[in-house]
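Dear colleague,

Here is the structure I said I would pass on. My notes on it follow below.

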Amino acid sequence: MTEGDTAKVTLEHGITDSQLPVSLHVHGVHYKFDSDGTTRALNGVADQAAFPGKPYTYEWIAAPGTAGTWPYHDHAFGDPKVGAEDQGLYGTLIVNPESGKVPALIDGKVTQVNLKDIKREFILWMHETTFWGQELNHIVNREIPLWTNPTVGARQGELVRFHVIGMGTAFHTFHLHGHRWIEPGTTHVVDTVNIGPINRQSFVVKAGEGVGTGDWHYHCHVVQHMQSGMMGKFRVIQ
């Protein structure tokens, strides 16, 4: 979405052998009460969820000022208070700024880059002790699931946008080797950021800037999480 857009999202229940409802609760954008994505058990009024054979439609409004990377997740399947993130019922809504530009650190300088110049975007969900990934490839206009602790890649010099989001209950420290970025809303240059539940950070890097091609690790800096294998690679090729 882009600031100013309104989207209607219809959720269909496709979970085999379950009569439990499933819902979409989104963060960051605007909506009316009937699009909150909770159940009567939590909101005291009505079920805002899909049941088998009974879809449910939500309306999301990307009002001015809502640009950002926002998680959405279930609030009905299982425990209505926390939903079913542990069963993979979550995703990401990206609201792009109306200006079509985002800040970035390019060639050592803080600047604004055009979204149309970004070739690839990678979504990395930090869930407990595992990264789950997805690629938005604007070269071939495809969304590509990357599964767990993935190797993500780009050609040297390409602009790449990362979206890192905390899901579940754990607190993390995300670190990407060989690359630095601008902490959103500031001019601070960082290569490490704390990510808690529902926290997120979106940033742009120029692949291989100053370091060239190679495999650049990303990982959680919490020792127990690293020991559990919570790491992947950012592969930069010619």
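Ring pairs join Phe122, Phe131, Phe162, Phe174, Trp181, Phe203, Tyr218 and Phe234 into a cluster. Rings of Phe, Tyr and Trp (its six-membered ring) pair if their centres lie within 6.5 Å; planes under 30 degrees apart count as stacked, over 60 as edge-to-face and the rest as tilted. By this rule the count comes to 12 aromatic pairs. Phe131 and Tyr218 form an edge-to-face pair, because their ring centres are 4.9 Å apart and their planes stand at 90°. Phe131 lies in strand S9 and Tyr218 in strand S18, so this pair ties together parts that are 87 residues apart in sequence. Strands here are DSSP runs (E, at least two residues), numbered from the N terminus. Both Phe131 and Tyr218 are buried (under 20% relative accessible area, 1.4 Å probe, protein chains only).

The model is predicted: local features need pLDDT of at least 70, side-chain atom pairs count only at pLDDT 80 or more, and totals for chains, interfaces and linings use all residues. Residues are numbered from 1 along each chain as its sequence is written, and side-chain values use heavy atoms, with hydrogens and water left out.

An open sheet of 5 strands runs in the order S10-S9-S8-S12-S17, with mixed pairing (two strands pair if DSSP finds at least two bridges between them).

Regards

Terms used
Helices (H or I, at least four residues) and strands (E, at least two) are DSSP runs, numbered from the N terminus. Buried means under 20% relative accessible area, exposed over 50%, partly exposed in between (1.4 Å probe, protein chains only).
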